[in-house]
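Please examine the structure shown below, and keep it in view while reading the explanation that follows.

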Amino acid sequence: IYSSTATTVVVARESHQYPKESGEPAAAIVVATAVMYLRLLAVVAIFNVSIFLLLLPVFLGFAALAGITAFFLHHNQSPDSSLTSAHAPENPLELSSALLFAMLFVVITTATHFILDHYANRGLQWLSFFTGFTDIDPFVLSLLEGNFAAPNQVIAQAIIIAAASNNFLKACYAWVLGERRTGRIAGAALLILAMATLGCGLLPK
């Protein structure tokens, strides 16, 4: 619920504490992304019901796909593949994360205003893609609270593209930080979700 990116980083690192045949870390990483889609829907519903309805079928579909994938990974493993170490993961809900979120919110809100004023819809698509490689929540909130002149369809597409690029980022984190099998499985699942989500975001209006 807090951050699928932070969860991916923490779980990828923790995957080295699991037996190599365990599918639990990969399942946890994919579940975090499934919840990301639902979290974004909840945030959008609070601020703009029209955009929420545009995103509802897309994000519900990808949340279900990610959830089914995680369920399969969780159950398709040996009974002895659970965590064997008592090592506790770090808490991602720390002050530095909150400060980073605040700074990103200011920077991304300013960049979004500038892009919409000078480059209109196409500029917003590029901004949404690159924003996904950081934290997409400030970007989504700035779009929903900014009273921009862009149509709801364009804003919905920007949110979809940002979610897609964020999945690309998490796939990289899983591959680089995770145990080899976890990185391969979770990375592939996130990459597929990323490409499918990006495809939906780039469909003609």
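At roughly what angle do the axes of helix 3 and helix 7 cross? In this predicted model, helix 3 spans residues 49–75 and helix 7 spans residues 180–201; their axes come within 11 Å and cross at roughly 165 degrees. Since angles over 145 degrees count as roughly antiparallel, helix 3 and helix 7 are therefore roughly antiparallel to each other. Their crossing is right-handed. On the side of helix 3, the residues that make the contact are V58, F62, L65, A66, T69 and L73. Helix 7 contributes I185, A189, L193, A196, T197 and C200. Sorted by class, this contact of helix 3 with helix 7 has 10 nonpolar residues, 2 polar residues and no charged residues.

A second pair of helices may now be considered. Helix 5 covers residues 136–145 and helix 6 covers residues 152–177. The axes of helix 5 and helix 6 come within 10 Å, with a crossing angle of roughly 175 degrees, which makes helix 5 roughly antiparallel to helix 6. From helix 5, the residues I136, F139, V140, L143 and L144 meet I155, A158, I159, A162, A163 and N166 of helix 6. By class, the contact of helix 5 with helix 6 has 10 nonpolar residues, 1 polar residue and no charged residues.

The cysteines remain to be discussed. A disulfide is a covalent bond between the sulfur atoms of two cysteines. With a cut-off of 2.5 Å between cysteine sulfur atoms, the count of disulfides comes to 0. C172 is partly exposed, at a relative accessible area of 41%. C200, which takes part in the contact between helix 3 and helix 7, also counts as partly exposed, at 28% relative accessibility.

Definitions and conventions
Residues numbered from 1 in each chain as written. Predicted model: local features only at pLDDT ≥ 70, side-chain atom pairs only at ≥ 80, totals over all residues. Heavy atoms only, no water. Axes fitted to C-alpha atoms, helices over the stretch in contact; angles between N-to-C directions. Helix = DSSP H or I, 4+ residues; strand = E, 2+ residues; numbered from the N terminus. Parallel < 35°, antiparallel > 145°, perpendicular 65-115°, else oblique. Contact = heavy atoms within 4.5 Å. Nonpolar A, V, L, I, M, F, W, Y, C, P; charged D, E, K, R; others polar. Buried < 20%, exposed > 50% of the residue type's maximum accessible area, 1.4 Å probe, protein only. Left-handed = near helix turned anticlockwise from the far one by under 90°.
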